[in-house]
Amino acid sequence: MPDLPKRQLGRTGLQVTTLGYGAMEIRNRAERPSTDAEAERVLNAVLDAGINYIDTSIDYGESEERIGRYLASRRSEYYLASKCGCPVGEVGGMRAPHIFTAENVIAGVEQSLRRLQTDYLDLVQFHHSPSRAELMEGGLEALQDLQAQGKVRFIGMSGTIPNLKDQIEMGVFDVFQAPYSALQPEHEELIHEASEAGAGIVIRGGVARGDPARERGGFWDRWQEAEIDDLLDGMPRTEFLLRFTISNPNLDTTIVGTTNPEHLAQNVEAVLKGPLPAEVYEEAKRRVSTA
Ligand SMILES: NC(=O)c1ccc[n+]([C@@H]2O[C@H](COP(=O)([O-])OP(=O)(O)OC[C@H]3O[C@@H](n4cnc5c(N)ncnc54)[C@H](OP(=O)(O)O)[C@@H]3O)[C@@H](O)[C@H]2O)c1
């Protein structure tokens, strides 16, 4: 199989595969159980497919520990990105309030290093899109100190509207992670702005969560309203969405999550086919913007 294409992650200079891996899905939940064996299989399949960028978080349950357990021996094969500001210890969880003090950021990074069985993280992103005022509670300075110590190579922001514009203007983030797809285009202009400012761009939600039944934001209605089915030309829906996402010239990698090796293989195939034809990409954008 040919190698996955790579793009430069902005000013970090890291050459990342256009398809990355979002490791949120390998957390175990009552509504979607994920076993150790399944996580081991999919994580190894990710690297075997040539993907070299993995995104995780303190908040994703067993995700960090499983990456450490199953992939520490292959650490040189992937760039590893986690988050900070998340509650540290057993209490974690995506919905819990995030704390951007120096103490919590340092404790979080140290915990991630232990769980991930590594002595450095390629990227640590502030989770939950904090405001400038929250970042000044000590967390930003603490992360910069951890960078000076070599525990963190680059500093990023998982940023969304309304704080994203100000975060770009701060000029201190090497990478921005933001949601984007044909069905969720709201951050497109700010993604462009961040990329123009030299930051690397990591896209999440690149397959719009794969299935209308799994998505809670209501954006799958746009698929029907914009009559995207007419543009598929025989392509499966997920292939269309993923190829639409990588058609965005500002994207460096998209961290698609899956626990299913068949879905992983389909996503690799889709990315190897490349971006959508320019006229199809433009037409889909036009339809979604006017639907
Ligand atoms: N605030 C933040 O920083 C934040 C928030 C959310 C997510 N994230 C990161 O972004 C990553 C991706 O985000 P996301 O999970 O929201 O969006 P996503 O990658 O668009 O969607 C993942 C979902 O799509 C399904 N899927 C993947 N490939 C498929 C295929 N070929 N066919 C059918 N279904 C497919 C997966 O289910 P199967 O397992 O069944 O394949 C999974 O449930 C996460 O893993 C996480 O690392 C960050």
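This report walks through some helix packing, the ligand's surroundings and a few backbone details of the structure above.

First, some ground rules. The model is predicted, so local features need pLDDT of at least 70 and side-chain atom pairs count only at pLDDT 80 or more, while totals for chains, interfaces and linings use all residues. Residues are numbered from 1 along each chain as its sequence is written, and side-chain values use heavy atoms, with hydrogens and water left out.

**Helices that cross**

Helices here are DSSP runs (H or I, at least four residues), strands are E runs of at least two, and both are numbered from the N terminus. Let's start with helix α1 (residues 36-48) and helix α2 (residues 63-71): their axes come within 10 Å and cross at roughly 65°. An axis is a line fitted to C-alpha atoms, for helices over the stretch in contact, and angles run from 0 to 180 degrees between N-to-C directions. That angle makes α1 roughly perpendicular to α2. As for the wording, under 35 degrees is roughly parallel, over 145 roughly antiparallel, 65 to 115 roughly perpendicular, and the rest oblique.

Who does the touching? On the α1 side you'll find Asp36, Ala39, Glu40, Leu43, Asn44 and Leu47, and on the α2 side Arg66, Ile67, Arg69, Tyr70 and Leu71. Contact means heavy atoms within 4.5 Å. Sorted by class, this contact of α1 with α2 has six nonpolar, one polar and four charged residues. Here Ala, Val, Leu, Ile, Met, Phe, Trp, Tyr, Cys and Pro count as nonpolar, Asp, Glu, Lys and Arg as charged, and the others, Gly among them, as polar.

Now for helix α9 (residues 237-247). Its axis and that of helix α11 (residues 278-290) come within 10 Å and cross at roughly 100°, so α9 and α11 are roughly perpendicular to each other. Phe240, Phe244 and Ser247 of α9 meet Val280, Tyr281, Ala284 and Lys285 of α11. That contact of α9 with α11 divides into five nonpolar residues, one polar and one charged.

Helix α9 also packs against helix α10 (residues 261-273), at an angle of about 50° with the axes 9 Å apart. That makes α9 oblique to α10, and their crossing is right-handed.

**Around the ligand**

There are 29 residues around the ligand, and Asp55, Ser158, Arg209, Thr258 and His263 come nearest. A residue counts as near if one of its heavy atoms lies within 4 Å. The table lists some polar contacts, which are pairs of N or O atoms within 3.5 Å; within protein, one must be able to donate a hydrogen and the other to accept it, and residues adjacent in sequence count only if both atoms are side-chain atoms.

| Side chain | Ligand atom | Distance |
|---|---|---|
| Arg32 | oxygen | 2.7 Å |
| His127 | oxygen | 3.3 Å |
| Gln266 | nitrogen | 3.2 Å |

Most residues other than glycine have a negative phi, and most peptide bonds are trans. His128 is not a glycine, yet has a positive phi of about 70°; look for His128 in the loop between β6 (121-126) and α4 (132-135). Ile161 and Pro162 are joined by a cis peptide bond, with omega about 15°. Pro162 lies in the loop between β7 (152-158) and α6 (164-170).

Key:
Left-handed = near helix turned anticlockwise from the far one by under 90°.
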